[in-house]
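Keep the viewer open as you read.

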Amino acid sequence: MAELKETYACIPSTERGRGILISGDPKSNSILYCNGRSVIIRYLDRPLQVAVYGEHAYQATVARYSPNGEWIASADVSGTVRIWGTHNDFVLKKEFRVLSGRIDDLQWSPDGLRIVASGDGKGKSLVRAFMWDSGTNVGEFDGHSRRVLSCAFKPTRPFRIATCGEDFLVNFYEGPPFKFKLSHREHSNFVNCLRFSPDGSKLISVSSDKKGIIYDAKTGDIIGELSSEDGHQGSIYAVSWSPDSKQVLTVSADKSAKVWDISDDGKGKVKKTLTAPGSGGVEDMLVGCLWQNDHLVTVSLGGTISIFSASDLEKSPVSFSGHMKNVNSLAVLKSDPKIMLSSSYDGLIVKWIQGIGYSGKLERKVNSQIKCFAVVEGEIVSCGFDNKIWRVSLLGDQCGDANSIDVGNQPKDLSLALSSPEVTLVSFDTGVILLRGTKVLSTIDLGFTVTACAISPDGTEAIVGGQDGKLRLYSITGDTLNEEAVLEKHRGAITVIRYSPDVSMFASADVNREAVVWDRASREVKLKNMLYHTARINCLAWSPDNTMVATGSLDTCVIIYDISKPASNRITIKGAHLGGVYGLAFTDEHSIVSSGEDACVRVWGITPQ
C-alpha cells in the first residue's frame with residue numbers, strides 16, 4: 001500500500017503584463033489558484049496540505065468558491081466553466097460552455113444562484129451571466145469591444161454587475177435580468193481588475209495607467225480616486241478589499257504592494273507600502289493579491305507567494321515558492337535523505353525538506369536550462385540544450401563556482417560514477433563521452449543511436465541503451481570502451497538504466513512500457529513481466545536496501561515492485577501526477593518522492609503488502 005504523505009505544490013502560472021486571479025474561502029482559510037490544467041487548493045495555515053483538481057481538458061485560468069463554500073466554479077481557456085463540490089472527491093455538478101474564447105474572470109452572485117464570467121470571444125459575447133444550475137442566460141451584456149479582463153457582482157441588493165477590459169471602459173449593468181446602464185472611460189490604458197467592497201457601498205477599478213478609481217456601487221458615479229502621491233510607479237494588476245471595506249490592497253509591476261485607507265467619500269491614501277523580498281529582477285513584479293481574514297497574500301511574476309499579516313504590517317512576510325513547469329528530475333542528498341532537490345526545464349532548482357516543504361531556490365551564477373541533473377556530495381552536475389555540462393559546487397543553500405565544459409554534442413543522458421564522482425559518462429545521439437572533472441577523456445562513436453546510459457560506481461563498467469532496444473555492456477579501461485555483451489529483451493527504445501545501490505543488479509526500462517531487472521554477474525533477467533504501465537516509462541529508482549524498484553510513466557502512475565516477489569505483486573499509485581511522472585527517488589525504505597508534468601513534488605509512504 002502507498003499513501004500520500006506530503007505534497008509540495010506548484011506555483012500559479014503567470015504571464016508577463018497580465019494580472020492573475022487568486023481567490024479564497026475565509027471560512028476554511030484556503031486559497032485557490034491555477035497552474036496548467038490543475039486548480040490548486042492550499043491552506044494558509046497548513047502549507048503541506050494541498051488538494052489538486054485536474055479535470056479540465058484545457059489550461060485553467062480562474063477558480064472561485066461559492067458564497068457558502070460548498071462549490072467551486074473554475075474556468076479554462078476554451079471558455080468552459082466547471083462547477084464541482086469541495087467535498088467527496090470533487091464531484092462534478094455542471095459543465096457549461098460559456099464563451100467562445102478564454103475566460104479571464106468569473107464571480108458568483110451573493111446568493112450563489114448566478115455566475116458572471118468575462119473574457120475573450122468571437123463576435124459580441126465577451127461577458128455572460130447565467131444560472132448556476134441550468135446555464136440559462138440572465139441578461140444582455142453589450143458595450144465592450146475588446147477582451148474583458150475582470151467582472152464583479154455587487155454583494156448586496158440592488159444587484160449590479162460591473163465589467164472592465166482592454167477597451168479602457170468600466171461598464172455598469174443592473175438587473176436581473178441584467179441590462180446596460182452606463183459606461184466610464186476615465187482610464188487611459190487596460191483596466192485590469194475591479195472589485196465591489198464587501199459591504200456593497202463602493203467599487204474600485206485599477207488599470208495599467210497606474211490609477212485607481214472609486215465609484216458609488218449603486219449609482220455607478222465616480223466619487224474619488226487613489227491619491228497619486230506615493231502611488232504606484234507601474235501598471236496596477238490587481239486589487240482586493242479588506243473584510244471591513246475600509247482598506248484596499250493593490251499590487252503593481254513596480255514590485256510593490258500598497259495598503260490604502262479608503263475614506264467614506266471615496267478618497268484613497270497610502271497607509272503602508274509592502275515590498276516582498278527578492279532580487280529586484282523582472283520576476284519580482286507583483287501580479288496578484290488577496291486580502292483574506294488577517295492575511296495579505298501577494299503573488300509575483302516568478303510565482304513566489306508572500307503572506308503578510310494585516311494586523312501587523314511591519315512583520316516580515318512568510319514566502320514560499322516552487323516550480324511552475326514540468327519537474328523533470330529529482331535527487332535526494334545521500335548525506336541527508338530528508339533533503340531533496342528538484343529541477344525543471346526553465347533552469348530552476350528548488351530545495352525541499354521532508355516535513356517542512358519549500359526551503360529555497362538554489363541561485364546559480366549562470367541560469368541555463370536543465371535537461372537532466374545529478375547530485376553527488378557537494379556538487380550538482382547538469383546538462384541542458386547548449387552542448388555544455390555544468391558542474392556547480394553546493395555550499396549549504398547556495399551554489400558556489402560553476403565550471404562548464406563544451407562537449408560538442410547535445411547531451412541526452414548523464415551518469416556519474418558515485419565512488420569516483422570525477423568520472424562522468426554522457427551520451428549523445430550516436431555515442432558516449434567520458435569526462436573526468438571538466439576534461440573530456442574521450443568521445444566514442446558507437447555506431448548506433450544511443451538513448452540512455454549508466455556507469456558503475458567504481459567507473460569500470462558502462463551500460464548503453466539504444467534505439468533498437470538492446471543493452472550493450474562495456475568495460476572501461478583508461479579512456480576506451482570494450483564491448484563485453486549485448487542483452488536483448490526490450491522491444492522498444494531504452495529510456496532509463498540504473499544500477500542498484502550495492503551494484504549487484506541493474507534495471508532498465510523502455511518506451512514500450514516494460515521494465516527489466518538484471519543480475520549483474522550472470523547477466524540474466526532477474527525480474528521479468530514488469531509490464532503494468534500503459535505508456536512509456538520515464539524514470540526508475542532503486543530503494544536504498546536494494547529490495548524494491550519503482551518506475552514512473554507517462555500514464556501518470558508510479559509502480560513499485562519487490563525484487564523477491566513476482567511482478568504481479570506490485571504496489572500501484574494511480575494518477576500520481578497529471579500529465580505524467582518524470583522524476584522518482586527513494587528517501588528511505590518506506591518513502592518515495594515523485595515529480596511530474598503538473599509541477600508538483602509528492603512524498604508517498606510505502607507499507608509492503
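Strand 14 (residues 160–165) and strand 15 (residues 170–174) pair in the antiparallel sense over 5 bridges. Strands here are DSSP runs of E with at least two residues, numbered from the N terminus, and two strands pair if DSSP finds at least two bridges between them. Before going further, please note that this is a predicted model, in which local features need pLDDT of at least 70 and side-chain atom pairs count only at pLDDT 80 or more, while totals for chains, interfaces and linings use all residues. Residues are numbered from 1 along each chain as its sequence is written, and side-chain values use heavy atoms, with hydrogens and water left out.

The two strands belong to an open sheet of 4 strands in the order 13-14-15-16, with antiparallel pairing. Strand 13 (148–153) and strand 16 (179–184) are at its edges; each has a single partner strand, so one side of each is left without a neighbour in the sheet. On average, neighbouring strands of this sheet are turned by 20° against each other, direction ignored; the axes behind such angles are lines fitted to C-alpha atoms, and angles run from 0 to 180 degrees between N-to-C directions.

Now for the rings. Tyr 173 also belongs to a cluster linked by ring pairs, together with Phe 141, Phe 153, Phe 159, Phe 178 and Phe 180. Rings of Phe, Tyr and Trp (its six-membered ring) pair if their centres lie within 6.5 Å; planes under 30 degrees apart count as stacked, over 60 as edge-to-face and the rest as tilted. By this rule the count comes to 18 aromatic pairs.

A second open sheet of 4 strands has the order 25-26-27-28, and its pairing is antiparallel. Its edges are strand 25 (286–292) and strand 28 (318–320), each with a single partner strand, so one side of each is left without a neighbour in the sheet. The twist averages 15° from one strand to the next. Strand 25 and strand 26 (residues 295–300) pair in the antiparallel sense over 6 bridges, and Leu 286 has Ser 300 in strand 26 as its bridge partner.

Which residues touch the most other members of the largest nonpolar core? Of its 22 residues, they are Ile 22, Tyr 33, Ile 40, Val 297, Ile 305 and Ile 307. Such a core is a set of buried Ala, Val, Leu, Ile, Met, Phe, Trp, Tyr and Cys residues joined through side-chain atoms within 4.5 Å. Strand 3 (30–35), strand 25, strand 26 and strand 27 (305–309) are the elements that give two or more residues to this core.

Finally, look at Ser 245, in the loop between strand 21 (236–241) and strand 22 (247–252). Ser 245 counts as buried because its relative accessibility is 6%. A polar atom of the Ser 245 side chain lies 3.1 Å from the backbone nitrogen of Asp 199.

Conventions
Buried < 20%, exposed > 50% of the residue type's maximum accessible area, 1.4 Å probe, protein only. Polar contact = N/O pair within 3.5 Å; in protein donor to acceptor, adjacent residues only side chain to side chain.
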